[in-house]
Amino acid sequence: MIERPRGTRDLDPAYLARHTHVGAAFRRTAESFGFRETLPPTFEPLELFHAKAGPGIEDEMYVFKDRAGRDLVLRPEFTAGVLRHYVNELRNAPKPLKLWSVGPVFRYEEPQKGRYREFWQYSCEILGGAPLDADAEALALAVQSIRNAGVRQTDTRVGHIGMLRSYLKVPREVQNRILHALDKRNFERLHTELDGAGLLDVEGTLREIIALRGGPEVLRTAADLLGGAGGSGFDYIRDLLDRLAAYGIRDGVVCDMGIIRGLAYYTGMVFQIHSPNLGAEDQVGGGGSYALAELFGGDPIFSTGFALGMDRIVLASEVEGVAVPPTTLDAYVIPIGDAVRRKAFDITANLRSTGLRIDVDLIGRGPSKNLDYANAMGARWAVLVGERELVGGNVALRNMKTGEQREVPVADLASMLGIDKPLMGGVDFQ
Ligand code: HAM
């Protein structure tokens, strides 16, 4: 037996029905906000992420050489690829540019429930908007996408990494190492980094700040603790929360100065969305405003966005019992005997052309075995094609739930199987 690689999954039809349902909600929501779809490649040059994603992601990348010796990486996220695409080909496109993507990404993490080495992200970016308007639009899209997927129980935590960055007056790379230690709540490492940077005097303040969570007043406290570095961040988040209310987003949003984010490119507002139903890996999405275009040779442009962990939203949707439309068969066609086999395929093709979900016996089993199979596949109806009925232009239509069966004209089959048509005495047994 060949095992699949650690941290990967075989997504089965039941899981994919829910995954597809969630994906359809994401697509609908992104389009309703005026976003257009884009898709960077699955693998990228290593330099796209090297020294840009930050210490958190860099240790987790799937790095490999191709046959020509190029250093490549399986994308650990979409944002860097989308920004490369923007700088190389889309920089003259009308602003703001609102782009979304969905697909698998790869990170060499320690696998557990909700944490995989191959997982799906739904990722959205706004490039070239005014900061407050664009940040609020991105955050509102994240929250609305989750709602439209049917998941209700989440809380949104909004922070401001810019406040911490302007407080830490050291080169960006040193900041990133300090912020990474803070993000991981690795206080030993934090101490070492601060010591190395000659910043031991701020250790207590940083630890105090990341514990602040609550209403906008916690930002006031943070601003006071940070001195001059914190003032504008406080006003900004207060205005952002006010703008979110215009989108109908009032409840379930808290200010949280402990939101540091694992990626190094964030510069201003940052946020995370959590589900209380997922155990340890409860972060279903995160994002914020960032600076990347200039690292790829473009002009600076205000950039903000987020990604949702699609697998975690699927899990949350399952835990919350969100109903997913069944993808069962409308009918299963059973030829009774070889003489009618060709006709059964003719009927099948006709029914399929109307958009109904139709399967047909491909083994030549007897009727009772075929009915068992139809049952196992969740078919709503069985169409039994027999020589005797065909003489009169009919087939037998069997309701798989009740076992009720009657003769119907072949010509009427499609309309009788139509989902909205009341069938058999006005009862649709779906
Ligand atoms: P991120 O927080 O690294 O952000 O990932 C976004 C989401 O992906 C997380 O909130 C989580 O739900 C999900 N996720 C992360 N790792 C795993 C894993 N191993 N297994 C399952 N799900 C996981 C980004 O990737 C940024 N590019 C978001 C962004 C876009 N910021 C600005 N624009």
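Which helix holds both Lys-343 and Asp-346, and how many residues apart are they? Select the two: both lie in helix α12, 3 residues apart, about one turn of the helix. Helices (H or I, at least four residues) and strands (E, at least two) are DSSP runs, numbered from the N terminus.

Before going on, note that this is a predicted model, in which local features need pLDDT of at least 70 and side-chain atom pairs count only at pLDDT 80 or more, while totals for chains, interfaces and linings use all residues. Residues are numbered from 1 along each chain as its sequence is written, and side-chain values use heavy atoms, with hydrogens and water left out.

**Stop 1: helix α12**

Keep Lys-343 and Asp-346 selected. They form a salt bridge, with the closest N and O atoms 3.4 Å apart. A salt bridge is a side-chain nitrogen of Lys or Arg within 4 Å of a carboxyl oxygen of Asp or Glu. Lys-343 counts as partly exposed because its relative accessibility is 32%, and Asp-346 is partly exposed at 33%. (Buried means under 20% relative accessible area, exposed over 50%, partly exposed in between, with a 1.4 Å probe and protein chains only.)

The structure holds 26 salt bridges.

**Stop 2: helix α1**

Select Arg-27 and Glu-31. Their side chains meet in a salt bridge of 3.8 Å, N to O. Both residues lie in helix α1 (residues 13–32), 4 residues apart.

**Stop 3: two loops**

Select Asp-330 and Arg-357, a salt bridge with its closest N and O atoms 3.7 Å apart. This pair links distant parts of the chain: Asp-330 is in the loop between α11 (310–319) and β13 (331–335), and Arg-357 is in the loop between α12 (341–352) and β14 (358–360). Asp-330 is buried because its relative accessible area is 1%, whereas Arg-357, at 31%, counts as partly exposed.

**Stop 4: the largest pocket**

Select Arg-261, Gly-262, Gln-272, Gln-283 and Arg-312, which lie nearest the centre of the largest pocket among its 48 lining residues. On a 1 Å grid over the protein atoms alone, a pocket is an open set of points where a 1.4 Å probe fits, with protein on both sides within 12 Å along at least five of seven lines; lining residues have an atom within 4 Å of a point. Elements giving two or more residues to this lining include β10 (266–274), β11 (283–290) and α11.
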